Protein chains: 2
Amino acid sequence: MKLATLIKDANGNSLGRDGQLVIVSRDLTRAQPVPEIAPTLQAALDNWQHMEPELQRRFTEFEQDPTAGETFDPKRCGAPLPRAYHWADGSAYLNHVALVRKARGAEMPPSFEQDPLIYQGGSDIMLGPTAPIIGDPRWGIDFEAEVVVITTDLDQGSTPDQCESAIALLTLVNDVSLRNLIPNELAKGFGFYQSKPASAFAPVVLTPDELAPHWQSAKLNLPLRVWLNDQPFGYPDAGVDMNFNFAQLLAHCCKTRALGAGTLLGSGTVSNKQQGLWGSSIVNGGVGYCCLAELRMYEAIEQGQPSTPFLGDGDRVRIEMTDQNGMSLFGTIEQQVVAIEAS
Amino acid sequence: MKLATLIKDANGNSLGRDGQLVIVSRDLTRAQPVPEIAPTLQAALDNWQHMEPELQRRFTEFEQDPTAGETFDPKRCGAPLPRAYHWADGSAYLNHVALVRKARGAEMPPSFEQDPLIYQGGSDIMLGPTAPIIGDPRWGIDFEAEVVVITTDLDQGSTPDQCESAIALLTLVNDVSLRNLIPNELAKGFGFYQSKPASAFAPVVLTPDELAPHWQSAKLNLPLRVWLNDQPFGYPDAGVDMNFNFAQLLAHCCKTRALGAGTLLGSGTVSNKQQGLWGSSIVNGGVGYCCLAELRMYEAIEQGQPSTPFLGDGDRVRIEMTDQNGMSLFGTIEQQVVAIEAS
C-alpha cells in the first residue's frame, strides 16, 4: 500500500497543518482521499491495527480501477507526517561515521560496532519533498540521503522482534546537515541542534509488504539514488554495510522509554564500503555517496584538501529509490537551496 | 489564565491520546472543558491569536462564578501537551553545568557563557504530573526541576524580542535523567537519548500575565520548590543565576529552523550560586538543589565521594512553585519510582 499527505488542494489552498491523507496508486499517478477511514496519516497510525486493513482494502480497490481518484501531484504533498511527535536518526552505516570522523581527525571507537549512534531531531516542522533548503552557505549546507521507518506504539524495553513488528511504513529523508556548525556544537556535548535543521521527506510512504522481497531482516536492500544538479552523485545499496538493522536501532531507542505511534527513525546516511578511495565516486566507477561530506573526505585524503564545495544558492539535490524495474517507490525528494545571509 | 489537559474522565476512562482541554480556576479547585473553543491544548495553540482572547474571556467568567465547573483533580491530568511536536531543553543555569561537569572532572569552557547549551528531547510521550518513574536503579535515576515555556509559531531567524512575544504559556517539568547512562552516551558525541527518558509535567499551564510581576525580562522570578520523600530538598529562585533568559534560548533554537506552535523549551535545572559549598543544602542553611547530581557533587568535593544515592524503588519527588502568598501556581509534580530490572 502507498500513502501520502496532501497539504494543498488543487487550487493551492492549505489543507491544514496536518494535511490530508490520500492513498496513492502503485505507479504514483493517482491519489484519493479517504476521510471516511482517516483524515490524516497520524490518525491512521494512532489506530493502525484497525486502520491498516481498511486502508489496504481501499488501496486494492483503487489499484483495480485505473479511472479512480485524481492526478497525484507531489508538489501538493507535505512530508507524510508534516509534524510528528518523535524523529530519531540513527547512524547505522559505520562507513559514513568512520569517514566523517576521519575528516575531522577523530578515530571511530570500537564500541560503535555494538552501541548504535542515534540523535534526537526536531519534528515540529517536517518539510515536504520540494521544499527549499533555506540557509546561509557559510553554515556548510550538506544533504544526507537516508531510509526512514515509521512505527506504531512500542513499549519501553521492547525487543528487536517486537520493534520489527511495529514498523508500519517506510520512506526516504534528506537529513540536511550544516557541517560548519557541527564541530562547535558537538564539542559542547549536548548533540546536534542548530546543525540539524528541518529535514525533507519523500512524498510517499509504503507498507513493508509493498517492498517485498527487498525488505528483509529489517533492512531495505535497494540502491538509494542521489543526484546533485542533475548529475548522478550516488547509488549505494541501503541493505549493504548497514551495521544495525531498523529493529536493532528501534530496540536501542526503547531501552529507557516507550515510543508513540508515528515515531520516525532514520537509518543514517547510506554508505557502502568500497575498495580503493577514488573507486567510490561514480565517475571513478564506484557507487558514489549520499552526502557531500564523504566525497570531501576522499578528496582530503587524496589531495590534501576537499575540492567540492558544500551547497550554494540554487544548487539542486534529488533523492529517489527505484525497484528492479526502475519504478519510483517513494516519489522524489527534489530540493533547491535558497541562500540567505544570517545575522 | 490557567489551563490543563484531562486524560481521564471522572470514571477513569481515557479521553484520548491528546486529552481534553479545560480551564482551571486560579485556586486550582475547579475545571471546565471548553470544546466549543478548542478540544485540546494543541488545537488552541495552533490558532492562539484567536483562541487566547476567547479562552481568557471564558476564564474571567469562570473565576467570577465559584459554582461553575467540576472539581479539578490533578490525578486525571496528563502533561499539558500529552504528546508534543518539539521538546528542547536548555541548560541556562551555568552553576548546574559547572558543577555537573566538575563531578566528572571536566571544566566548563568560557564559551558556554555566550553560547547556550540546548538538547533536543523526545516529545511523543510527555508524562502527567503523577506518572511513575519506571527505570532500573542501576541507570542512576535523578530528577531535574525546571521551568518550561510553550510557544506559538516562530519563523527561522526570529529575534529574542519576537521569541519573547511568542511565549504563550509556562509550566514546570521534571526532566528525569539517567546519570549512569550519560557519560557513555555523551562520549559518543550525539547527545542524550537513552539517558533522557520521558519527562513529567506539572498539571497546569499559565499565561505570562498570570505570573506578573514575577515574569520579567523572560525570566520567572520565584523559587522552585523540590521535596524528596517529603523532606525539603531545594527552593532556588528560578530568576537568579539564569545566564540566558527564555527569549535568548528560543532565539538560539530559531537560528537555523522555524519552530511550530506548541514547542516546549525547558530552562535547564534551576540552580543558584551560593557562598560556601555546604551552605547550599537546606539543612546547612542554603536554598538547596533541584537535582541529586548537584548534592552529590558537593558531597564529592567535601567528603571525597558522594553519599546520597540516586533514586530507588519507592522514592518520591515533589516539585511545585508557589506565589508570594503560598498559593500553588502550576499544581504539583508528584512522582514515585517503580524499579525494574532491565535486560
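Predicted model: local features only at pLDDT ≥ 70, side-chain atom pairs only at ≥ 80, totals over all residues.
**Entry 1: how the copies relate**

I superposed the chains to begin. Chain B goes onto chain A with an RMSD of 0.0 Å, by a turn of 180° and a shift of 0.0 Å along the axis. The two copies are thus related as by a two-fold rotation axis. I then looked for the chain B residue whose C-alpha is nearest that axis. I found B:Gly191, at 1.8 Å. I also compared the interface residues. Of those in chain B, 98% are interface residues in chain A too, so the copies meet through the same surface.

**Entry 2: the nonpolar cores**

I looked up the largest nonpolar core and counted 75 residues. Those with the most contacts inside this core include B:Leu170, B:Trp215, B:Phe246 and B:Phe330. Helix H6 of chain B, residues 246-254, gives the most to the core, with 7 residues. Domain 1 (2-76) and domain 2 (87-339) of chain B both contribute residues, so the core lies between them. A second, separate core has 72 residues, among them A:Ala31, A:Cys77, A:Val317 and A:Leu329.

I went back to B:Leu170 for its neighbours, leaving out residues up to four places away in sequence. Its contacts include the run B:Val147, B:Val148 and B:Val149. B:Val204, B:Val205 and B:Leu206 are also on the list, as are B:Trp215, B:Leu220 and B:Phe330.

**Entry 3: helix H6 of chain A**

I checked how covered H6 (residues 246-254) is in chain A. The helix is mostly covered, with 8 of its 9 residues buried. Among the buried ones I noted A:Phe246, A:Leu249, A:Leu250, A:His252 and A:Cys254. I then looked at the start of H6(A). There a side-chain oxygen of A:Asn245 comes within 3.0 Å of the backbone nitrogen of A:Ala247.

**Entry 4: B:Gly314**

I placed B:Gly314 in the loop between helix H7 (292-303) and strand S19 (316-320) of chain B. Buried or exposed? B:Gly314 has 25% relative accessibility. Buried needs under 20% and exposed over 50%, so B:Gly314 counts as partly exposed. B:Gly314 touches B:Asn229, B:Gln336 and B:Val337, with residues up to four places away in sequence not counted. I also took the C-alpha distance from B:Gly314 to B:Ile133, which is 9.6 Å across a sequence separation of 181 residues.

**Entry 5: the annotated N-terminal span**

I looked up the UniProt record for chain A. Its unreviewed entry places "domain: Fumarylacetoacetase N-terminal" at residues 1-83. In the model, the end C-alpha atoms of this span lie 22 Å apart. The span is 28% helix and 19% strand.

Key
Residues numbered from 1 in each chain as written. Chains lettered and ligands numbered in written order. Heavy atoms only, no water. Core = buried A, V, L, I, M, F, W, Y, C linked by side-chain atoms within 4.5 Å. Buried < 20%, exposed > 50% of the residue type's maximum accessible area, 1.4 Å probe, protein only. Helix = DSSP H or I, 4+ residues; strand = E, 2+ residues; numbered from the N terminus. Domains from an automatic or database assignment. Contact = heavy atoms within 4.5 Å. UniProt positions renumbered as here; feature names shortened; annotations may be inferred. Least-squares fit on C-alpha atoms with pLDDT ≥ 70 in both. Polar contact = N/O pair within 3.5 Å; in protein donor to acceptor, adjacent residues only side chain to side chain.
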